[in-house]
Amino acid sequence: MNGKEIDRDDIKKASTYYLIGTFFNKGMSFLTVPIFTRLLSTYDYGIVNTYTSWSGIISVVFGFAIYMGIRAAFIDHEDVIDDFMSVCNTFTIISSLVISITILILIHIFAIDISIYLIILCLLEGLADAVLQNYIMYLMMRYKYKARTYLMVLPNLSAMMISVILILIFFHDNRFWARIIPGSIVKSLFAIVALIICYSKSHRLYDKQYLKYALNISVPLVFHGVALGVLSQSDRTMITWLADASQTGIYSLIYNFSMIATVVTNALEGVWIPWFITRLKIGKYGDIGHAMSRYSFLICTLICCIMLVGPEVVKVMASEKYWSGIKVIPPLVVSNYIIFLYTLFVNVEHYHKKTIFISVNTIIAAIINISLNYFFIPRYGYVAAAYTTLISYCVSLLLHISYSKKLEPKVGRIRDHALPILLTILSVMLFYMCLEEWYIRWMAGAGIFLLLIFSERDLVFQIVKKKKPDERR
(Lines give C-alpha, C1' and ligand atoms only; values in the text may rest on other atoms or scores of the structure.)
Protein backbone atom coordinates (compact mmCIF):
# COMPACT_ATOMS: atom_id res chain seq x y z
CA MET A 1 0.00 0.00 0.00
CA ASN A 2 0.94 3.64 -0.37
CA GLY A 3 3.18 2.94 -3.31
CA LYS A 4 5.53 0.83 -1.21
CA GLU A 5 6.28 -2.83 -1.84
CA ILE A 6 5.57 -5.04 1.13
CA ASP A 7 8.16 -7.75 1.77
CA ARG A 8 7.58 -11.18 3.26
CA ASP A 9 8.88 -10.22 6.72
CA ASP A 10 6.35 -7.38 6.89
CA ILE A 11 3.56 -9.80 5.99
CA LYS A 12 4.64 -12.19 8.76
CA LYS A 13 4.83 -9.38 11.30
CA ALA A 14 1.44 -8.02 10.23
CA SER A 15 -0.13 -11.48 10.42
CA THR A 16 1.21 -11.94 13.94
CA TYR A 17 -0.07 -8.55 15.10
CA TYR A 18 -3.48 -9.08 13.45
CA LEU A 19 -3.82 -12.52 15.04
CA ILE A 20 -3.05 -11.12 18.48
CA GLY A 21 -5.42 -8.20 17.95
CA THR A 22 -8.23 -10.45 16.72
CA PHE A 23 -7.91 -12.93 19.56
CA PHE A 24 -7.72 -10.19 22.18
CA ASN A 25 -10.51 -8.03 20.74
CA LYS A 26 -12.94 -10.85 19.95
CA GLY A 27 -12.01 -12.85 23.01
CA MET A 28 -12.25 -9.99 25.51
CA SER A 29 -15.79 -10.92 26.57
CA PHE A 30 -14.59 -14.46 27.33
CA LEU A 31 -11.29 -13.50 28.96
CA THR A 32 -13.00 -11.17 31.43
CA VAL A 33 -15.78 -13.57 32.41
CA PRO A 34 -13.99 -15.07 35.47
CA ILE A 35 -13.34 -11.55 36.77
CA PHE A 36 -16.67 -9.83 36.27
CA THR A 37 -18.95 -12.77 37.10
CA ARG A 38 -17.42 -12.67 40.58
CA LEU A 39 -17.48 -8.89 40.92
CA LEU A 40 -20.97 -8.37 39.50
CA SER A 41 -24.33 -9.83 40.46
CA THR A 42 -26.31 -11.70 37.81
CA TYR A 43 -28.49 -8.57 37.56
CA ASP A 44 -25.50 -6.24 37.01
CA TYR A 45 -23.94 -8.66 34.54
CA GLY A 46 -27.22 -8.83 32.62
CA ILE A 47 -27.51 -5.03 32.42
CA VAL A 48 -23.93 -4.76 31.13
CA ASN A 49 -24.48 -7.32 28.40
CA THR A 50 -27.79 -5.78 27.34
CA TYR A 51 -26.05 -2.40 27.13
CA THR A 52 -23.19 -3.90 25.10
CA SER A 53 -25.68 -5.44 22.68
CA TRP A 54 -27.35 -2.10 22.01
CA SER A 55 -24.12 -0.11 21.69
CA GLY A 56 -22.94 -2.60 19.07
CA ILE A 57 -26.10 -2.17 17.00
CA ILE A 58 -26.04 1.62 17.40
CA SER A 59 -22.44 1.85 16.17
CA VAL A 60 -23.48 0.11 12.93
CA VAL A 61 -26.33 2.58 12.40
CA PHE A 62 -24.23 5.63 13.29
CA GLY A 63 -21.37 4.67 11.02
CA PHE A 64 -23.51 3.53 8.06
CA ALA A 65 -20.76 0.91 7.59
CA ILE A 66 -18.87 3.69 5.82
CA TYR A 67 -15.56 2.03 6.72
CA MET A 68 -16.26 -0.33 3.81
CA GLY A 69 -16.34 2.70 1.52
CA ILE A 70 -12.99 3.79 3.00
CA ARG A 71 -11.53 0.39 2.16
CA ALA A 72 -12.75 0.64 -1.43
CA ALA A 73 -11.41 4.20 -1.71
CA PHE A 74 -7.86 2.88 -1.39
CA ILE A 75 -8.40 1.36 -4.83
CA ASP A 76 -10.03 4.30 -6.62
CA HIS A 77 -9.08 7.36 -4.55
CA GLU A 78 -5.81 6.55 -2.79
CA ASP A 79 -4.16 9.77 -3.94
CA VAL A 80 -6.75 11.81 -1.98
CA ILE A 81 -7.44 9.29 0.78
CA ASP A 82 -6.86 11.77 3.63
CA ASP A 83 -9.51 14.11 2.17
CA PHE A 84 -11.79 11.09 1.70
CA MET A 85 -11.23 10.01 5.30
CA SER A 86 -11.98 13.50 6.63
CA VAL A 87 -15.25 13.68 4.68
CA CYS A 88 -16.33 10.24 5.92
CA ASN A 89 -15.58 11.08 9.56
CA THR A 90 -17.49 14.34 9.30
CA PHE A 91 -20.49 12.46 7.92
CA THR A 92 -20.22 9.91 10.75
CA ILE A 93 -20.24 12.65 13.40
CA ILE A 94 -23.16 14.60 11.88
CA SER A 95 -25.31 11.52 11.21
CA SER A 96 -24.62 10.24 14.75
CA LEU A 97 -25.68 13.53 16.32
CA VAL A 98 -28.88 13.70 14.25
CA ILE A 99 -29.83 10.11 15.09
CA SER A 100 -28.95 10.62 18.78
CA ILE A 101 -31.15 13.71 19.08
CA THR A 102 -33.99 11.85 17.36
CA ILE A 103 -33.67 8.91 19.77
CA LEU A 104 -33.65 11.17 22.83
CA ILE A 105 -36.74 13.05 21.59
CA LEU A 106 -38.62 9.79 20.97
CA ILE A 107 -37.70 8.48 24.43
CA HIS A 108 -39.07 11.69 25.95
CA ILE A 109 -42.27 11.67 23.86
CA PHE A 110 -43.13 8.06 24.62
CA ALA A 111 -41.90 8.29 28.24
CA ILE A 112 -39.83 5.13 27.89
CA ASP A 113 -38.69 3.93 31.31
CA ILE A 114 -34.93 3.73 30.72
CA SER A 115 -32.19 5.64 32.51
CA ILE A 116 -31.35 8.70 30.39
CA TYR A 117 -27.74 8.49 31.57
CA LEU A 118 -27.51 4.91 30.32
CA ILE A 119 -28.90 6.00 26.94
CA ILE A 120 -26.44 8.90 26.65
CA LEU A 121 -23.48 6.64 27.47
CA CYS A 122 -24.70 4.09 24.92
CA LEU A 123 -25.04 6.75 22.20
CA LEU A 124 -21.63 8.18 23.04
CA GLU A 125 -20.00 4.75 22.86
CA GLY A 126 -21.78 4.02 19.58
CA LEU A 127 -20.34 7.19 18.04
CA ALA A 128 -16.86 6.42 19.38
CA ASP A 129 -17.01 2.87 17.99
CA ALA A 130 -18.06 4.16 14.56
CA VAL A 131 -15.17 6.66 14.42
CA LEU A 132 -12.66 4.09 15.64
CA GLN A 133 -13.89 1.57 13.06
CA ASN A 134 -13.22 4.12 10.30
CA TYR A 135 -9.70 4.77 11.58
CA ILE A 136 -8.92 1.08 12.14
CA MET A 137 -9.81 0.42 8.50
CA TYR A 138 -7.62 3.36 7.43
CA LEU A 139 -4.68 1.97 9.40
CA MET A 140 -5.18 -1.50 7.95
CA MET A 141 -5.16 -0.22 4.37
CA ARG A 142 -2.13 1.99 5.15
CA TYR A 143 -0.46 -1.18 6.46
CA LYS A 144 0.07 0.41 9.86
CA TYR A 145 -0.35 -2.96 11.54
CA LYS A 146 1.20 -2.01 14.89
CA ALA A 147 -0.96 1.08 15.36
CA ARG A 148 -4.05 -0.86 14.26
CA THR A 149 -3.40 -3.65 16.76
CA TYR A 150 -2.79 -1.18 19.60
CA LEU A 151 -6.04 0.59 18.76
CA MET A 152 -7.92 -2.71 18.85
CA VAL A 153 -6.42 -3.72 22.21
CA LEU A 154 -5.79 -0.61 24.33
CA PRO A 155 -9.34 0.84 24.65
CA ASN A 156 -10.82 -2.46 25.85
CA LEU A 157 -7.87 -3.27 28.10
CA SER A 158 -7.85 0.20 29.68
CA ALA A 159 -11.62 0.17 30.25
CA MET A 160 -11.44 -3.28 31.85
CA MET A 161 -8.68 -2.26 34.28
CA ILE A 162 -10.46 0.96 35.27
CA SER A 163 -13.72 -0.98 35.77
CA VAL A 164 -12.10 -3.42 38.19
CA ILE A 165 -10.63 -0.54 40.23
CA LEU A 166 -13.97 1.31 40.34
CA ILE A 167 -15.89 -1.80 41.39
CA LEU A 168 -13.45 -2.70 44.17
CA ILE A 169 -13.05 0.81 45.59
CA PHE A 170 -15.98 3.06 44.75
CA PHE A 171 -19.06 1.11 43.64
CA HIS A 172 -20.82 -1.15 46.12
CA ASP A 173 -24.32 -0.97 44.64
CA ASN A 174 -25.40 -0.90 41.00
CA ARG A 175 -21.95 -2.03 39.95
CA PHE A 176 -22.96 -2.16 36.29
CA TRP A 177 -22.18 1.57 36.15
CA ALA A 178 -18.55 0.83 36.95
CA ARG A 179 -18.37 -1.51 33.95
CA ILE A 180 -20.26 0.74 31.52
CA ILE A 181 -18.89 4.23 32.25
CA PRO A 182 -15.16 3.46 31.67
CA GLY A 183 -15.85 1.78 28.32
CA SER A 184 -17.81 4.75 27.01
CA ILE A 185 -15.34 7.38 28.27
CA VAL A 186 -12.15 5.56 27.25
CA LYS A 187 -13.39 4.80 23.74
CA SER A 188 -14.51 8.41 23.34
CA LEU A 189 -11.04 9.66 24.26
CA PHE A 190 -9.40 7.33 21.73
CA ALA A 191 -11.94 8.45 19.10
CA ILE A 192 -11.10 12.11 19.78
CA VAL A 193 -7.38 11.38 19.25
CA ALA A 194 -8.20 9.57 15.99
CA LEU A 195 -10.24 12.56 14.78
CA ILE A 196 -7.45 15.01 15.67
CA ILE A 197 -4.99 12.93 13.63
CA CYS A 198 -7.47 12.71 10.76
CA TYR A 199 -8.27 16.42 10.59
CA SER A 200 -4.59 17.37 10.97
CA LYS A 201 -4.03 15.72 7.58
CA SER A 202 -7.04 17.24 5.82
CA HIS A 203 -9.50 20.04 6.52
CA ARG A 204 -12.00 18.99 3.85
CA LEU A 205 -15.33 18.40 5.58
CA TYR A 206 -17.63 17.78 2.65
CA ASP A 207 -17.38 16.43 -0.87
CA LYS A 208 -20.47 15.15 -2.62
CA GLN A 209 -18.51 12.83 -4.91
CA TYR A 210 -16.58 11.16 -2.10
CA LEU A 211 -19.66 10.77 0.09
CA LYS A 212 -21.76 9.32 -2.72
CA TYR A 213 -19.00 6.84 -3.57
CA ALA A 214 -18.67 5.66 0.04
CA LEU A 215 -22.41 5.39 0.76
CA ASN A 216 -23.14 3.48 -2.46
CA ILE A 217 -20.86 0.76 -1.15
CA SER A 218 -21.69 0.89 2.55
CA VAL A 219 -25.45 1.49 2.80
CA PRO A 220 -26.57 -1.99 1.55
CA LEU A 221 -24.38 -3.51 4.27
CA VAL A 222 -26.00 -1.44 7.03
CA PHE A 223 -29.18 -3.52 6.92
CA HIS A 224 -27.15 -6.71 7.07
CA GLY A 225 -25.10 -5.36 9.99
CA VAL A 226 -28.15 -4.25 11.93
CA ALA A 227 -30.04 -7.48 11.25
CA LEU A 228 -26.99 -9.52 12.23
CA GLY A 229 -26.69 -7.45 15.40
CA VAL A 230 -30.36 -8.00 16.18
CA LEU A 231 -30.04 -11.70 15.43
CA SER A 232 -27.05 -12.12 17.73
CA GLN A 233 -27.90 -9.58 20.43
CA SER A 234 -31.70 -9.27 20.70
CA ASP A 235 -31.95 -12.31 22.97
CA ARG A 236 -30.37 -10.47 25.90
CA THR A 237 -32.51 -7.39 25.42
CA MET A 238 -35.70 -9.45 25.25
CA ILE A 239 -34.77 -11.59 28.26
CA THR A 240 -34.26 -8.40 30.29
CA TRP A 241 -37.58 -7.05 29.00
CA LEU A 242 -39.73 -10.21 29.15
CA ALA A 243 -38.06 -11.99 32.07
CA ASP A 244 -35.44 -10.21 34.23
CA ALA A 245 -31.84 -8.98 34.09
CA SER A 246 -30.61 -11.79 36.35
CA GLN A 247 -31.60 -14.34 33.71
CA THR A 248 -29.85 -12.16 31.13
CA GLY A 249 -26.67 -12.37 33.21
CA ILE A 250 -26.79 -16.18 33.31
CA TYR A 251 -27.59 -16.39 29.59
CA SER A 252 -24.80 -13.91 28.72
CA LEU A 253 -22.21 -15.95 30.59
CA ILE A 254 -23.00 -19.10 28.60
CA TYR A 255 -23.27 -17.08 25.39
CA ASN A 256 -19.82 -15.58 25.94
CA PHE A 257 -18.42 -19.04 26.68
CA SER A 258 -19.90 -20.38 23.45
CA MET A 259 -18.06 -17.66 21.50
CA ILE A 260 -14.68 -19.38 22.01
CA ALA A 261 -14.99 -21.20 18.69
CA THR A 262 -16.04 -18.00 16.91
CA VAL A 263 -12.84 -16.30 18.06
CA VAL A 264 -10.89 -19.08 16.32
CA THR A 265 -12.97 -19.00 13.13
CA ASN A 266 -12.68 -15.20 12.91
CA ALA A 267 -8.91 -15.50 13.06
CA LEU A 268 -8.87 -18.28 10.44
CA GLU A 269 -11.06 -16.27 8.05
CA GLY A 270 -8.08 -14.06 7.27
CA VAL A 271 -6.44 -17.10 5.67
CA TRP A 272 -9.55 -18.84 4.32
CA ILE A 273 -11.23 -15.97 2.44
CA PRO A 274 -8.27 -14.99 0.19
CA TRP A 275 -7.64 -18.66 -0.60
CA PHE A 276 -11.32 -19.28 -1.32
CA ILE A 277 -11.64 -16.26 -3.62
CA THR A 278 -8.49 -17.23 -5.55
CA ARG A 279 -9.74 -20.78 -6.12
CA LEU A 280 -13.22 -19.58 -7.08
CA LYS A 281 -11.79 -17.19 -9.68
CA ILE A 282 -9.96 -19.99 -11.49
CA GLY A 283 -12.78 -22.52 -11.08
CA LYS A 284 -10.99 -24.98 -8.79
CA TYR A 285 -14.23 -26.41 -7.44
CA GLY A 286 -12.67 -29.72 -6.44
CA ASP A 287 -10.08 -27.99 -4.30
CA ILE A 288 -12.79 -25.84 -2.68
CA GLY A 289 -15.01 -28.83 -1.88
CA HIS A 290 -12.12 -30.81 -0.43
CA ALA A 291 -10.94 -27.88 1.70
CA MET A 292 -14.46 -26.97 2.88
CA SER A 293 -15.02 -30.53 4.06
CA ARG A 294 -11.81 -30.57 6.08
CA TYR A 295 -12.37 -27.03 7.37
CA SER A 296 -15.88 -27.95 8.50
CA PHE A 297 -14.61 -31.07 10.25
CA LEU A 298 -11.92 -29.07 12.03
CA ILE A 299 -14.41 -26.55 13.44
CA CYS A 300 -16.90 -29.30 14.25
CA THR A 301 -14.37 -31.17 16.42
CA LEU A 302 -13.50 -27.91 18.17
CA ILE A 303 -17.21 -27.23 18.80
CA CYS A 304 -17.81 -30.74 20.16
CA CYS A 305 -14.79 -30.59 22.49
CA ILE A 306 -15.86 -27.18 23.85
CA MET A 307 -19.39 -28.47 24.44
CA LEU A 308 -18.37 -31.68 26.21
CA VAL A 309 -15.97 -30.02 28.65
CA GLY A 310 -18.17 -26.92 28.99
CA PRO A 311 -19.88 -27.61 32.36
CA GLU A 312 -16.59 -27.85 34.25
CA VAL A 313 -15.10 -24.83 32.47
CA VAL A 314 -18.17 -22.75 33.37
CA LYS A 315 -17.86 -23.82 37.01
CA VAL A 316 -14.27 -22.60 37.03
CA MET A 317 -15.14 -19.37 35.21
CA ALA A 318 -18.09 -18.31 37.36
CA SER A 319 -19.62 -18.72 40.80
CA GLU A 320 -22.44 -21.15 41.57
CA LYS A 321 -25.17 -18.57 40.93
CA TYR A 322 -24.45 -18.92 37.18
CA TRP A 323 -24.33 -22.73 37.02
CA SER A 324 -28.01 -23.13 36.17
CA GLY A 325 -27.14 -21.90 32.67
CA ILE A 326 -25.03 -25.00 31.97
CA LYS A 327 -28.07 -26.73 30.45
CA VAL A 328 -28.13 -24.31 27.50
CA ILE A 329 -24.49 -24.86 26.51
CA PRO A 330 -25.35 -27.23 23.60
CA PRO A 331 -27.78 -24.97 21.66
CA LEU A 332 -25.55 -21.92 22.03
CA VAL A 333 -22.32 -23.72 21.14
CA VAL A 334 -23.96 -25.45 18.16
CA SER A 335 -25.31 -22.05 17.06
CA ASN A 336 -21.72 -20.93 16.61
CA TYR A 337 -21.06 -23.93 14.37
CA ILE A 338 -24.11 -22.98 12.29
CA ILE A 339 -22.76 -19.41 12.07
CA PHE A 340 -19.48 -20.80 10.76
CA LEU A 341 -21.28 -22.93 8.16
CA TYR A 342 -23.40 -20.11 6.79
CA THR A 343 -20.40 -17.79 6.47
CA LEU A 344 -18.90 -20.34 4.07
CA PHE A 345 -21.89 -19.79 1.78
CA VAL A 346 -22.11 -16.04 2.44
CA ASN A 347 -18.59 -15.78 1.00
CA VAL A 348 -20.04 -16.90 -2.34
CA GLU A 349 -22.64 -14.12 -2.17
CA HIS A 350 -19.97 -11.55 -1.31
CA TYR A 351 -17.87 -12.76 -4.25
CA HIS A 352 -20.80 -12.02 -6.60
CA LYS A 353 -21.50 -8.69 -4.81
CA LYS A 354 -25.06 -9.75 -3.87
CA THR A 355 -25.08 -7.75 -0.64
CA ILE A 356 -28.80 -6.98 -0.88
CA PHE A 357 -29.68 -10.67 -0.75
CA ILE A 358 -27.30 -11.16 2.18
CA SER A 359 -29.21 -8.45 4.04
CA VAL A 360 -32.64 -9.86 3.12
CA ASN A 361 -31.75 -13.36 4.34
CA THR A 362 -30.34 -12.01 7.59
CA ILE A 363 -33.40 -9.81 8.18
CA ILE A 364 -35.72 -12.80 7.72
CA ALA A 365 -33.77 -14.80 10.29
CA ALA A 366 -33.75 -11.83 12.71
CA ILE A 367 -37.55 -11.43 12.44
CA ILE A 368 -38.03 -15.14 13.14
CA ASN A 369 -35.75 -14.87 16.18
CA ILE A 370 -37.60 -11.87 17.63
CA SER A 371 -41.00 -13.50 17.01
CA LEU A 372 -40.03 -16.76 18.68
CA ASN A 373 -38.47 -14.90 21.61
CA TYR A 374 -41.63 -12.87 22.13
CA PHE A 375 -43.79 -15.99 22.44
CA PHE A 376 -41.46 -18.33 24.35
CA ILE A 377 -39.26 -16.22 26.66
CA PRO A 378 -42.22 -15.29 28.96
CA ARG A 379 -42.88 -19.03 29.42
CA TYR A 380 -39.41 -20.57 29.49
CA GLY A 381 -37.05 -17.66 30.15
CA TYR A 382 -33.48 -17.68 28.88
CA VAL A 383 -33.70 -21.39 27.99
CA ALA A 384 -36.15 -20.51 25.22
CA ALA A 385 -33.78 -17.80 23.94
CA ALA A 386 -30.98 -20.36 23.52
CA TYR A 387 -33.12 -22.61 21.31
CA THR A 388 -34.74 -19.77 19.33
CA THR A 389 -31.22 -18.55 18.55
CA LEU A 390 -30.30 -21.98 17.21
CA ILE A 391 -33.49 -22.20 15.12
CA SER A 392 -32.95 -18.72 13.66
CA TYR A 393 -29.37 -19.46 12.64
CA CYS A 394 -30.50 -22.73 11.04
CA VAL A 395 -33.05 -20.77 8.98
CA SER A 396 -30.31 -18.32 8.00
CA LEU A 397 -28.06 -21.21 6.96
CA LEU A 398 -30.75 -22.74 4.75
CA LEU A 399 -31.49 -19.40 3.08
CA HIS A 400 -27.84 -18.72 2.33
CA ILE A 401 -27.26 -22.26 1.07
CA SER A 402 -30.25 -21.98 -1.26
CA TYR A 403 -29.15 -18.66 -2.77
CA SER A 404 -25.44 -19.41 -2.97
CA LYS A 405 -26.18 -22.67 -4.81
CA LYS A 406 -27.98 -20.62 -7.47
CA LEU A 407 -24.85 -18.50 -7.89
CA GLU A 408 -22.31 -21.32 -7.73
CA PRO A 409 -23.96 -24.77 -8.04
CA LYS A 410 -20.60 -26.56 -7.80
CA VAL A 411 -19.49 -24.95 -4.55
CA GLY A 412 -20.33 -26.40 -1.15
CA ARG A 413 -21.98 -29.79 -1.48
CA ILE A 414 -24.20 -30.50 1.50
CA ARG A 415 -22.93 -34.05 1.81
CA ASP A 416 -19.44 -32.68 2.52
CA HIS A 417 -20.80 -31.52 5.89
CA ALA A 418 -22.81 -34.67 6.72
CA LEU A 419 -20.17 -36.27 8.97
CA PRO A 420 -19.48 -33.10 11.02
CA ILE A 421 -23.21 -32.50 11.50
CA LEU A 422 -23.75 -36.12 12.60
CA LEU A 423 -20.84 -35.88 15.04
CA THR A 424 -22.31 -32.66 16.46
CA ILE A 425 -25.72 -34.28 17.02
CA LEU A 426 -24.15 -37.28 18.76
CA SER A 427 -22.11 -34.95 21.00
CA VAL A 428 -25.26 -33.06 22.01
CA MET A 429 -26.97 -36.33 22.93
CA LEU A 430 -23.94 -37.44 24.95
CA PHE A 431 -23.83 -34.08 26.75
CA TYR A 432 -27.36 -34.44 28.13
CA MET A 433 -27.10 -38.18 28.81
CA CYS A 434 -23.86 -37.77 30.79
CA LEU A 435 -24.32 -34.29 32.26
CA GLU A 436 -23.37 -35.57 35.74
CA GLU A 437 -20.66 -38.00 34.53
CA TRP A 438 -17.92 -35.53 33.66
CA TYR A 439 -15.27 -38.21 33.06
CA ILE A 440 -17.34 -39.78 30.25
CA ARG A 441 -17.77 -36.41 28.51
CA TRP A 442 -14.09 -35.55 28.89
CA MET A 443 -13.02 -38.95 27.56
CA ALA A 444 -15.35 -38.47 24.58
CA GLY A 445 -13.88 -35.01 24.00
CA ALA A 446 -10.36 -36.43 24.09
CA GLY A 447 -11.45 -39.15 21.66
CA ILE A 448 -12.85 -36.57 19.23
CA PHE A 449 -9.63 -34.57 19.44
CA LEU A 450 -7.57 -37.70 18.70
CA LEU A 451 -9.89 -38.41 15.76
CA LEU A 452 -9.03 -34.97 14.38
CA ILE A 453 -5.30 -35.59 14.83
CA PHE A 454 -5.58 -38.97 13.09
CA SER A 455 -7.65 -37.65 10.18
CA GLU A 456 -5.17 -34.81 9.63
CA ARG A 457 -2.07 -36.87 10.43
CA ASP A 458 -0.36 -36.08 7.11
CA LEU A 459 -0.70 -32.33 7.76
CA VAL A 460 0.47 -32.76 11.37
CA PHE A 461 3.57 -34.67 10.22
CA GLN A 462 4.37 -31.92 7.74
CA ILE A 463 4.07 -29.25 10.44
CA VAL A 464 6.24 -31.23 12.85
CA LYS A 465 8.91 -31.66 10.15
CA LYS A 466 8.54 -27.96 9.25
CA LYS A 467 7.69 -28.76 5.67
CA LYS A 468 5.38 -26.61 3.63
CA PRO A 469 1.92 -28.21 3.47
CA ASP A 470 0.53 -29.19 0.11
CA GLU A 471 -1.14 -26.17 -1.53
CA ARG A 472 -4.50 -27.87 -1.69
CA ARG A 473 -4.64 -27.88 2.09
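## Close-up views

**View 1. His-400 touches Tyr-342, Phe-345, Val-346, Glu-349, Ile-358, Asn-361 and Thr-362, once neighbours within four places in sequence are set aside.** Contact here means heavy atoms within 4.5 Å. This is a predicted model, where local features need pLDDT of at least 70 and side-chain atom pairs count only at pLDDT 80 or more, while totals for chains, interfaces and linings use all residues. Residues are numbered from 1 along each chain as its sequence is written, and side-chain values use heavy atoms, with hydrogens and water left out. His-400 sits in helix H15 (residues 382-407); helices (H or I, at least four residues) and strands (E, at least two) are DSSP runs, numbered from the N terminus. His-400 has a relative accessible area of 0%, so it counts as buried. For that label, buried is under 20% relative accessible area, exposed is over 50%, and partly exposed is in between (1.4 Å probe, protein chains only).

**View 2. Asn-373 is a residue of helix H14 (residues 355-380).** What does Asn-373 touch, not counting residues up to four places away in sequence? The list is Ser-234, Asp-235, Met-238, Leu-242, Pro-378, Ala-385 and Thr-388. Asn-373 is buried because its relative accessibility is 0%.

**View 3. Five residues of helix H16 are picked out here as buried: Pro-420, Leu-423, Thr-424, Ser-427 and Phe-431.** As background, an α-helix has 3.6 residues a turn, so residues three or four places apart point the same way. What do the buried residues of H16 pack against? Their partners are helix H12 (285-317), helix H13 (329-351) and helix H17 (438-455). H16 itself (residues 418-433) has 16 residues and runs 23 Å from its first C-alpha to its last, close to the 22 Å expected at 1.5 Å a residue. The expected span is 1.5 Å times one less than the number of residues.

**View 4. Helix H10 (residues 245-258) is mostly covered, with 12 of its 14 residues buried.** Among the buried ones are Ala-245, Thr-248, Tyr-251, Tyr-255, Asn-256 and Phe-257. The end C-alpha atoms of H10 are 20 Å apart, which agrees with the 20 Å that its 14 residues should span at 1.5 Å a residue.

**View 5. Glu-125 and Lys-187 form a salt bridge, with their closest N and O atoms 3.1 Å apart.** Glu-125 lies in helix H6 and Lys-187 in helix H8 (residues 176-201), so the pair ties together parts that are 62 residues apart in sequence. A salt bridge is a side-chain nitrogen of Lys or Arg within 4 Å of a carboxyl oxygen of Asp or Glu. Are Glu-125 and Lys-187 buried or exposed? Both are buried. Asp-129 joins Glu-125 and Lys-187 in a network of salt bridges. The structure holds 6 salt bridges.

**View 6. Arg-441 and Glu-312 meet through their side chains in a salt bridge (2.8 Å, N to O).** This pair links distant parts of the chain, with Arg-441 in helix H17 and Glu-312 in helix H12, 129 residues apart. Arg-441 and Glu-312 are both buried.

**View 7. Arg-204 and Asp-207 make a salt bridge whose closest N and O atoms are 3.1 Å apart.** Arg-204 is partly exposed, with a relative accessible area of 34%, whereas Asp-207, at 16% relative accessibility, counts as buried.

**View 8. A nonpolar surface patch of about 680 Å² comes from Ile-101, Ile-105, Leu-106, Ile-109, Phe-110, Ile-112 and Ile-114.** Patches are made of residues with over 30% relative accessible area and no salt bridge; like charges are joined within 9 Å, and nonpolar side chains (Val, Leu, Ile, Met, Phe, Trp, Tyr) within 5 Å. Areas come from the Shrake-Rupley method with a 1.4 Å probe, and for residues only the protein chains shown count as cover. Ile-105 belongs to helix H5 (residues 81-109), and at 46% relative accessibility it counts as partly exposed.

**View 9. Ala-65 and Ala-111 each get a look for their backbone.** Phi of Ala-65 is near 50°, a positive value in a residue other than glycine; phi of Ala-111 is also near 50°. Most residues other than glycine have a negative phi. Ala-65 is in the loop between helix H3 (42-63) and helix H4 (67-76), and it counts as buried at 8% relative accessibility. Ala-111 is in the loop between H5 and helix H6 (116-141), and it counts as exposed at 60%.
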